[in-house]
Amino acid sequence: MYDKYEYREFWSYCEFFLAHASSGVFLRSFDLIGENNQGRSSNDAYVYEGITRPVLAKNARGIKRFTKEYVNREKLGRIEGIARSLGETLKASLYTEIASRMNGIIARRFAHAATNDDAPEVLLIMASLYYSYYKNKEISGYAIQPCYYTMFYPFLVKSQSGSMKKLTGWQRALMNRFLAQWTNRGKHQPDLRAFFEHKITRKVVSYALASILGFMRDEEEKVRYLFEVVHDLSEEEMQLFQAQIANGLNMTLHKKKRFISRAGNGSPHLKRVGVINRSQMEKVINRVVDEHFDTALDWITQYHLSVSAEKPRPKLAKQFDKTFLEMNRHLWKEIGTLVDTQRRVVFRTRHLLRIIIHYLFETRGIERQFWRKYIPSVERIIDHTYIENKKTLARFNALLGRQLSEYRKARQYQGTDWDGFYEDPKSRAIADRVLGDIVAKAETRFDENVPEIWFTNQVEPGVNDQILFRFFKQSKVPV
């Protein structure tokens with residue numbers, strides 16, 4: 001089985017394919033392409049440029065043929081006008097290729113996780129979330145609580161009296177349906193909604209949800225013990241979980257009745273789906289192509305004129321090719337800036353994580369290009385440090401939220417006064433407390449320079465756990 005962090009990530013993939021895949025590029029894909037490239041090349045820029053290199057090469061060949069034909073036919077006056085349409089085609093092709101390749105990375109990552117024999121429960125949990133949460137999002141304050149990921153599958157197993165025979169059948173049915181739906185799309189966008197809405201999926205989910213609901217109603221004392229004693233969850237969380245299971249069951253059965261728990265006040269752990277909208281990407285592509293296209297067109301036109309005059313100048317053709325290479329480099333440099341900006345937008349919604357990152361890296365002058373890959377690991381380490389004391393973590397987040405609202409008001413219409421927020425005594429005290437708690441829990445008794453196993457387990461692939469631990473140990477919050 002995966003842990004709750006991985007389930008949260010997989011659900012963010014689901015939300016992307018359900019609501020955003022046709023209108024943008026998933027931010028997470030830019031992290032995954034770097035992870036997939038590890039060990040083959042350390043040059044990320046070259047890897048990214050390789051995505052659009054075939055598109056640029058194909059369009060460059062078309063422009064060469066077009067200009068040669070019009071020069072030979074002595075129609076120079078029409079070259080610039082018709083070339084505009086070629087430029088627009090190039091822009092559209094670039095976006096299509098980028099979106100297809102980057103979102104394809106997410107599709108393959110999700111398909112691999114969903115069909116992993118070591119975690120056959122993934123599709124069942126994702127499908128249950130579709131009916132329990134996604135189809136009921138219009139309910140005020142409705143959100144996925146962390147307890148859903150923690151309790152769903154164990155309760156499903158208990159509802160079958162520990163027998164895995166029926167569960168294995170359900171999981172195999174979903175796997176077969178998913179593979180048929182996901183792998184037969186050709187070049188089309190994967191249609192996750194069709195899988196979730198298929199009669200087989202709906203039937204399996206209804207059985208699973210009904211089983212859990214029956215177990216919770218028949219074994220009330222055992223359920224309460226599992227929530228409150230074994231998993232240290234509150235009664236409100238138990239009520240919300242039961243309400244969401246009931247709502248999901250009613251949705252699979254086309255019943256209109258919905259339960260609204262008083263605990264449904266949103267979740268600080270809800271993972272935001274980071275998306276770069278199509279319009280944002282197209283603005284970058286249009287700007288870069290416009291900046292280089294006329295220069296490239298002029299080089300190749302002059303080259304064909306020199307050939308026509310029987311005085312060929314090969315350097316002009318090379319300059320044309322060089323301009324397209326520069327266009328590609330410039331394009332990915334601008335996309336990198338856009339991605340970094342969007343990461344900051346998502347990052348700024350998590351106040352405690354933001355202030356910890358500030359004191360871990362920013363106050364020490366470490367380049368963002370280096371530490372941004374550490375952000376997901378730091379978030380997981382914070383969550384795990386307070387895994388047995390969730391109320392403290394919730395209190396910290398609430399206090400920082402109130403503090404930040406004051407610094408937003410202080411600079412109305414001019415952005416947030418982040419420096420003031422960081423330097424606020426209450427913010428500094430929380431940061432100091434959290435950093436101290438992490439180090440105290442992560443230090444081993446035998447070697448203070450080596451972190452505990454739990455710390456290493458929260459660190460994502462590609463991140464050095466000992467370097468990150470050293471950052472925590474060396475971070476100081478000014479008093």
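How many residues does helix H1 (residues 4-19) have, and how far does it reach from its first C-alpha to its last? Select residues 4-19 to see. Helix H1 has 16 residues and reaches 22 Å, close to the 22 Å expected at 1.5 Å a residue. Keep in mind that this is a predicted model.

**Stop 1: confidence**

Colour the chain by pLDDT. The mean is 83, and 89% of the residues reach 70 or more. Among the elements, helix H9 (residues 199-218) has the highest mean pLDDT, 95. Helix H2 (residues 29-36) has the lowest, 67. Next, select residues 37-42. Here the pLDDT is below 50, and the stretch has four contacts in the model beyond near neighbours in sequence. Then go to residues 263-271. The pLDDT is below 50 there too, but this stretch has 23 contacts beyond near neighbours in sequence.

**Stop 2: around helix H1**

Return to H1 and show the surface of the rest. Of its 16 residues, 14 are buried, so the helix is largely enclosed by the rest of the structure.

Now show the side chains of Glu9 and Arg28. They form a salt bridge, with the closest N and O atoms 3.4 Å apart. Glu9 belongs to helix H1, while Arg28 lies in the loop between strand E1 (24-26) and H2, so the pair ties together parts that are 19 residues apart in sequence. Are these two residues buried or exposed? Both Arg28 and Glu9 are buried.

Stay on H1 and pick Glu15. Its salt-bridge partner is Lys137, and the closest N and O atoms are 3.4 Å apart. This pair links distant parts of the chain: Glu15 sits in helix H1, and Lys137 in the loop between helix H5 (122-132) and helix H6 (146-159), 122 residues apart. The two ends differ in accessibility. Glu15 counts as buried because its relative accessibility is 9%, under the 20% cut-off. Lys137 is partly exposed, at 36%.

**Stop 3: helix H3 to helix H13**

Select Lys64 and Asp321. Their side chains meet in a salt bridge at 3.2 Å, N to O. Lys64 lies in helix H3 (residues 44-72) and Asp321 in helix H13 (residues 314-347), so the pair ties together parts that are 257 residues apart in sequence. Lys64 counts as partly exposed at 28% relative accessibility. Asp321 counts as partly exposed at 34%.

For a group, select Glu220, Arg224, Glu228 and Glu235. Salt bridges that share partners join them into one network. The salt-bridge count comes to 20.

**Stop 4: Asn59**

Go back to helix H3, where Asn59 is placed. Asn59 is buried, with a relative accessible area of 15%. Show what surrounds this residue. Leaving aside neighbours within four places in sequence, Asn59 is in contact with Leu86, Thr89, Leu90 and Ser93.

**Stop 5: Glu121**

Last, select Glu121, in the loop between helix H4 (79-114) and H5. Glu121 is buried, with a relative accessible area of 1%. Which residues does Glu121 touch, not counting those up to four places away in sequence? They are Met1, Tyr2, Tyr7, Tyr153 and Gln171. Draw a distance from Glu121 to Met1, C-alpha to C-alpha. The two are 120 residues apart in sequence and 7.3 Å apart in space.

Terms used: Residues numbered from 1 in each chain as written. Predicted model: local features only at pLDDT ≥ 70, side-chain atom pairs only at ≥ 80, totals over all residues. Heavy atoms only, no water. pLDDT = per-residue confidence, 0-100. Helix = DSSP H or I, 4+ residues; strand = E, 2+ residues; numbered from the N terminus. Contact = heavy atoms within 4.5 Å. Expected span 1.5 Å × (residues − 1). Buried < 20%, exposed > 50% of the residue type's maximum accessible area, 1.4 Å probe, protein only. Salt bridge = Lys/Arg side-chain N within 4 Å of Asp/Glu carboxyl O.
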